Amino acid sequence: VELDNTYNMALAGASPMESYYTLKRYLTAGNIPHAVYIGFAPTHFTSYENYLERGLFFHYYDENEIREININIMKYDGKDYTSEAYKYIWRSPAVYLTALLHSFKEDRELLNFNLYEEMQRCKGTLTMNVKKKPDALVQPEETKEKHFKLKRVLDYYLGQTIIMCKDNHIPVYIVQLPMSDYGVELLKSTGYMQQYENYMQTLAD
């Protein structure tokens, strides 16, 4: 892989939903990559909270994409987010007032600039600044659930991403994001990890 010709299009906390539309836009613009690498943590297949809290909040989607997503969430998981989505589209004070008030307390432009500089220094490396004792073990997000409960709409979007790559003759590589041995053992003890591995195997098949 030529690193100078490699682009990281990952979004913080994104699910297969966001990744699908990101890649679709990239391909629509006439770009055809030599390969696509996909990597998610297990939790990114079990929750689409970030659809509201990030994707809609920061207006990442256009209205046609939002309409399509809401239809698919209803179709595959039986939840109707139509009215909730319009709160973000119309910038309802009920959604944005808290963020607006916080903006008066701190210089958000400076904060974002500093975070951007840190991101450049880290060169895409994920770091965690945990305010705990040095010997404390950090539990991964997945340990909040005892079972791996796949959201069908996220499985759908991952499948559509793979199909989109195949239609454009782009090799797809699914990689597992790193997790501490401590976290893995916790998830194994509940059966969560085995359920997740079973799901990943279906993708390989």
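Guide: First, a term: a contact means heavy atoms within 4.5 Å. Among contacts in the protein chain between residues at least 6 apart in sequence, 80% join residues at least 24 apart. This is a predicted model, where local features need pLDDT of at least 70, side-chain atom pairs count only at pLDDT 80 or more, and totals for chains, interfaces and linings use all residues. Residues are numbered from 1 along each chain as its sequence is written, and side-chain values use heavy atoms, leaving out hydrogens and water.

Visitor: What makes a stretch a helix or a strand, and how many does the protein chain have?

Guide: Both are DSSP runs, numbered from the N terminus: helices are H or I with at least four residues, strands are E with at least two. The protein chain has nine helices and two strands. Along the sequence the pattern reads α-β-α-α-α-α-α-α-β-α-α.

Visitor: What span is expected of helix α7, and what does α7 reach?

Guide: The expected span is 1.5 Å times one less than the number of residues. Helix α7 covers residues 152–167, 16 residues in total. From first C-alpha to last, α7 reaches 22 Å, close to the expected 22 Å. After α7 comes H169, with a positive phi near 60°.

Visitor: Why is E65 called buried?

Guide: Buried means under 20% relative accessible area, exposed means over 50%, and partly exposed lies in between (1.4 Å probe, protein chains only). E65 has 10%, so E65 is buried. Buried residues make up 29% of the 205 residues in the protein chain. In α7, the buried ones are V153, L154, Y157, L158, T161, I162, M164 and C165. Their cover includes α1 (16–28), β1 (36–40), α3 (63–77), β2 (172–176) and α9 (192–204).

Visitor: How do you know that E65 and R25 form a salt bridge?

Guide: A salt bridge needs a side-chain nitrogen of Lys or Arg within 4 Å of a carboxyl oxygen of Asp or Glu. For E65 and R25 the closest N and O atoms are 2.7 Å apart, so the pair qualifies. The pair links distant parts of the chain: E65 is in helix α3, R25 in helix α1, 40 residues apart. R25 has 31% relative accessibility, so R25 counts as partly exposed.

Visitor: How many salt bridges does the structure hold?

Guide: The structure holds four. One of them joins K87 and E84, with closest N and O atoms 3.5 Å apart. Both lie in helix α4 (residues 82–89), three residues apart, about one turn of the helix. Another joins E141 and K144, at 3.2 Å. K144 has 63% relative accessibility, so K144 counts as exposed. E141 has 45%, so E141 counts as partly exposed.

Visitor: What makes a set of residues a nonpolar core?

Guide: The members are buried Ala, Val, Leu, Ile, Met, Phe, Trp, Tyr and Cys residues, joined through side-chain atoms within 4.5 Å. The largest nonpolar core has 40 residues, and M17 and Y51 touch the most other members. The largest share of this core, seven residues, comes from α7. Beyond four places away in sequence, Y51 touches residues including M17, L56, Y61, I66 and I69.

Visitor: Why is F104 called exposed?

Guide: F104 has 67% relative accessibility, so F104 counts as exposed. F104 is found in helix α5 (residues 93–105).
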